[in-house]
Amino acid sequence: MPIVTFSEFKKSLPDDSDSSGARSASHPQTKPMPNPWASSSHQVASSQNADYDPESQQNRTQLPSALSPFVNPPPLDDHSFWSANLPPDEPITLRHAVLACVAPCFLGPPCSKQRKNDYLHLLISFSLWISFIQFIFLIVSIAIGGVTSVSENWTLGPPTKTLYDMGAKSAFLIKNGHVYRFFTPILLHGGIFHFLFNIAAQLILVMSWERHWTIFRVFPLYWISGFAGNLLSCVLLPSNVSVGASGALLGVIGGKLGRTISLWNKLPLQLKIGNLVFVFIVVVCTFLFTFSRNVDWAAHLGGLFVGFFFSLCLWVNHIKTKWLRVLLVGIGSSVTIVYFVTLLLVFYLVVPVQREV
């Protein structure tokens with residue numbers, strides 16, 4: 001057998017360029033599949049070995065909202081107050097899923113630019129500050145009146161006389177000049193359980209909606225709905241002394257329904273169905289609880305009704321069709337005005353009142 005040296009063997013091989021060309025022709029190189037969860041800017045930066053800043057808003061993860069709860073909500077999706085704050089290359093684990101449901105503020109770097117922006121929106125949130133004021137009123141009411149017996153107040157709060165003196169809804173006093181009592185009951189709560197229930201809805205739902213709707217919509221919707229609920233309570237339940245922000249909260253939930261109808265042609269089908277089902281479940285559960293003992297069902301009903309119709313006027317700038325804008329504003333404003341004018345006349349001219357406490 002002839003012996004072949006390495007140099008002779010090397011000369012017998014085809015040229016490198018021919019070899020690479022042949023390999024390319026017979027086995028074309030497979031391009032790496034792009035990451036569907038990463039933004040296009042991140043893919044370009046990665047391919048060019050550019051510096052990638054995980055805190056940059058431009059390079060943040062862009063997950064389809066139907067696939068992941070960690071993406072920033074699109075403009076029409078108002079389900080979350082907190083941003084995703086996750087870099088594209090971070091794998092989604094069970095810890096992320098739990099945090100997204102329980103404490104989304106702990107997702108991702110706590111001091112990133114996006115998270116700092118979330119903290120800024122938190123500090124200027126109307127929902128946060130009204131909740132803080134309501135907490136102060138609860139502490140003061142318990143400090144003044146103490147915690148009464150469960151038979152009188154099952155929510156672990158002060159006696160009725162204390163709430164009455166602090167500004168609870170009283171048809172007798174309102175009719176005798178205490179008009180501010182249409183609004184002060186929103187700041188008061190019957191007790192600890194009552195406060196916790198309302199504050200949970202306020203900080204979880206209303207605060208996230210406020211960030212997307214802006215305070216210019218939530219602030220008037222909240223107070224007008226609360227006023228509407230207390231007014232209907234004065235007409236239908238004039239002998240009851242009541243407190244709570246439930247009427248205002250249900251007005252904002254009614255606003256969620258009004259927003260869905262106003263933006264019907266812009267919302268995807270999945271979001272429309274989700275919003276309708278959510279509002280239906282919340283309203284049914286609330287009114288099942290509403291007709292129990294010591295609950296002001298009239299305030300809940302009035303807040304929900306006016307919140308829905310008043311909200312039809314709040315999103316007309318998103319509607320391009322002129323006749324539809326006019327129709328929604330006409331319906332929303334006319335029903336709201338007729339509601340207040342009619343009930344105010346009935347209350348001051350027809351409804352008999354007497355001192356409750």
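**Overview: the chain and its elements.** There are 14 helices and zero strands in the chain, where helices (H or I, at least four residues) and strands (E, at least two) are DSSP runs, numbered from the N terminus. The model is a predicted one, in which local features need pLDDT of at least 70 and side-chain atom pairs count only at pLDDT 80 or more, while totals for chains, interfaces and linings use all residues. Residues are numbered from 1 along each chain as its sequence is written, and side-chain values use heavy atoms, with hydrogens and water left out. Of the 357 residues in the chain, 44% are buried, a word that stands for under 20% relative accessible area, with exposed meaning over 50% and partly exposed in between (1.4 Å probe, protein chains only). Among contacts between residues at least 6 apart in sequence, 72% join residues at least 24 apart, and contact here means heavy atoms within 4.5 Å.

**View 1: helix H6 against helix H9.** Two packed helices are described by the angle between their axes and the distance between the axes. The axes of H6 (residues 126–145) and H9 (residues 192–213) come within 9 Å and cross at roughly 170 degrees, which makes H6 roughly antiparallel to H9. Axes are lines fitted to C-alpha atoms, for helices over the stretch in contact, and angles run from 0 to 180 degrees between N-to-C directions; those under 35 degrees count as roughly parallel, over 145 as roughly antiparallel, 65 to 115 as roughly perpendicular and the rest as oblique. On the H6 side the residues include Phe126, Leu128, Phe135 and Ile142, and among those they meet in H9 are Phe195, Ile199, Leu203 and Glu210. The residues of this contact of H6 with H9 divide into twelve nonpolar, four polar and one charged, where Ala, Val, Leu, Ile, Met, Phe, Trp, Tyr, Cys and Pro count as nonpolar, Asp, Glu, Lys and Arg as charged, and the others, Gly among them, as polar.

**View 2: helix H6 against helix H10.** H6 and H10 pack at an angle of about 35 degrees, with their axes 10 Å apart. From H6, Phe126, Ile130 and Gln134 take part, and they meet Ile215, Val218, Phe219, Tyr222 and Trp223 in H10. The residues of this contact are seven nonpolar, one polar and no charged.

**View 3: helix H13 against helix H14.** The axes of H13 and H14 (residues 322–349) come within 7 Å and cross at roughly 145 degrees. In H13 the residues are Gly302, Phe305, Val306, Phe309 and Phe310, which meet Ile331, Gly332, Val335, Thr336, Tyr339 and Phe340 in H14. Leaving aside its neighbours within four places in sequence, leucine 314 is in contact with Arg217 and Leu221.

**View 4: the largest pocket.** About 1,000 Å³ of space lies in the largest pocket. Of the 43 residues that line this pocket, the closest to its centre are His194, Val243, Asn294, Val295 and Asp296. Elements that give two or more residues to the lining include H9, H11 (246–262) and H12 (269–290). The lining residues divide into 22 nonpolar, 18 polar and three charged. On a 1 Å grid over the protein atoms alone, a cavity is a set of points where a 1.4 Å probe fits but cannot get out, and a pocket is an open set with protein on both sides within 12 Å along at least five of seven lines; lining residues have an atom within 4 Å of a point. Grid points are joined across faces, edges and corners, and a volume is the space filled by probe spheres set on the points.

**View 5: serine 233 in helix H10.** Serine 233 lies in H10 and counts as buried because its relative accessibility is 0%. Not counting residues up to four places away in sequence, serine 233 touches Lys169, Pro238, Ser242, Asp296, Ala298 and Ala299.

**View 6: threonine 214 in a loop.** Threonine 214 is found in the loop between H9 and H10, and has a positive phi of about 80 degrees although it is not a glycine. At 32% relative accessibility, threonine 214 counts as partly exposed.
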